[in-house]
Amino acid sequence: WRHGTFHDAVWVFFKAQAAPDGEWRPVRLVADRVVNPTGWGQDRSATPLEFVVPDGEDGLVGVFVRRAADGVGTVGPVRVTAVCDLGPRPRPDADVRLRAYGIEMVYVAEGPFFLGSGGAELNRFHRFSDPGGNPEDADADPPPTPPYHVAAAGPIPTGRQMGRLWATGMAPMDGGEIPAAFPTGYAGFYCMRQAHIPQALYAGFLETLTAPHQEERWHARGHGQVITRTDAKPSRTYAAADPRGRVPWLSWADCTAFAAWAGLRPMTELEFEKAVRGPLDPEPGEAGLSYWGLGDVNAGDVYERFVSAGVGLGFKGSHGRGLATPPPDWPSASDGVAYRGHYLKKRRYSFVGHLRTSGRSLANSVTADRSADTRDSFGGWHAARTAPRGDAGVAPVVAWPALATLRPLALRKPIAVDGGLDDWREAQATLDGAESVFPVARRFFVPPHCADPWRGSDDTSAHLHLGTDGDSLCVAVSVRDDRQVDASGPGGIQAADAVRIAVVNAAGGHWTMILARTAGGAAFQIEPPAGAIERAVVRDDAAARTRYELRVPRAALGLHAGEAFGFNCWVLDADGADGVRHWLQLGPGTADPAQPDRYPRFDPNP
């Protein structure tokens, strides 16, 4: 998929063997620029692709391959060309064996995010604040643990001082900092889409190692149950029982050796929270799916291993260089590791509600490495790579692009509520990006969570108009929708394509309205009831657009001239008998129960 900055990719890298009994070595790529280097390309009949080749001291070991334009679906390229330097050969006529490997990756964009949820998760991060009361009072309320906002790149101050990053356990240095070189999550990065190393890829990894390294990285009573080994000449071969299946009993050392060999690196626990929550405001106890489209996160049967922001601060985010030897700044053992994810199986010193997205565990609470305990044979692993500089095809992402205080249009003349929208000028907001699509599981093709995702702006997108027309509030929404589903049958208006609107006045009065089309005209509901309301819904099949329009007396909503008010809008897309498939959302605060104080603000006099 690709929807603007949101996209997945494949990390492709190569190994070469210059003699039948020689060692396999990483292949160095040749690129004169980061994006689409000279000489790289593909057959013109295939889906257009982009090639992103990281450079620098630890670069030119692999390439990110992604869609060149927005779209969703299978990519079937043929005759893709990459340029590489195979190095010297033992003889001019020597054959060189070449192998290519690919790992599915997801992009996590640059931008701010929160650490901690304000809930009760184990060892959670939080912003240190005044605990209040007497700390010696056993009956006093526990100190608050509000989320910490990572608002910019650079070092993060830590400690029990106001406004700094702290934690309820596994705390970072008091009065110290997380250094700028440590991957804090603010910068963009790619990470493995699934939380495991596929068996076929691990078998390929083993086959390119020297015999001593193979003995270190193949666990006969563990890996050997799914990856079989044959002592063929001139070298051993390994075969996977389930090529896309998970490899059991991987230690931290196994995973870091694999990541170094692949030209990737471990993720940090700060990057984990960013990869799950994105830039959204946290919710206490949340254990949701990934904002960006990662699979397996918070799955309940996998804990994941990440570099700790408490004891792993020597990590500088360096990448592997294609050999199975990790760089010296990587933690060499699990004592520099934090275990994360909504893991349901173990209850040693935690319980189900303690982990989730913000919970953190040490190695003594999980079976960390190569356990014989079959219940804990799969430890999760998301290898990553910092996004390369010089990639102009991606941009920072914010949670709610339309959240600046907006001003309703003062309409020059009364509008005709007919669904024509000819008497409106520019829209106040446009909803056409993946960041507007909810629930997040519907944004991307991530089995098993979503087999029929949002397919882009032609699937569902909207332009929102808001204005005042004398004593009335006027709303118009022009929705691009490839399939119109009218309200009918037992599902009625709740199972149809519709626009839902919420208004909260300066005194806190809260109204919700929903407008849909039926065979007999516009269907409308408002709660609590208000005065006479004009409405219209018109479908233009040729343009694949549905236009919704409302005029509501301001007095009926308690809206007074010159006062700001809260406003939110949902565009519901119901593509079949299963009801609403996904919706586009203007701003936050729509969860049940609603939080009207978080709605976007409209101010007649900003």
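**Close-up views of a predicted model**

View 1. In α1, the buried residues (buried meaning under 20% relative accessible area, with a 1.4 Å probe and protein chains only) are Q199, L201, Y202, A203, G204, F205, L206 and E207. Helix α1 spans residues 199-207 and is mostly covered, with eight of its nine residues buried; helices here are DSSP runs of H or I with at least four residues, strands are runs of E with at least two, and both are numbered from the N terminus. The buried residues of α1 pack against the strands β3 (24-26), β8 (97-108), β16 (227-230) and β17 (237-240), and also against the helices α2 (211-217) and α3 (252-262), where contact means heavy atoms within 4.5 Å. This is a predicted model, in which local features need pLDDT of at least 70 and side-chain atom pairs count only at pLDDT 80 or more, whereas totals for chains, interfaces and linings use all residues. Residues are numbered from 1 along each chain as its sequence is written, and side-chain values use heavy atoms, with hydrogens and water left out.

**View 2. The surroundings of T145.** T145 lies in the loop between β10 (125-127) and β11 (148-150), and it counts as buried because its relative accessibility is 11%. Its side chain is joined to that of R124 by a polar contact of 3.1 Å, a polar contact being a pair of N or O atoms within 3.5 Å of which, within protein, one must be able to donate a hydrogen and the other to accept it, while residues adjacent in sequence count only if both atoms are side-chain atoms. Not counting residues up to four places away in sequence, T145 touches G118, G119, R124, H126 and T168.

Notes
Buried < 20%, exposed > 50% of the residue type's maximum accessible area, 1.4 Å probe, protein only.
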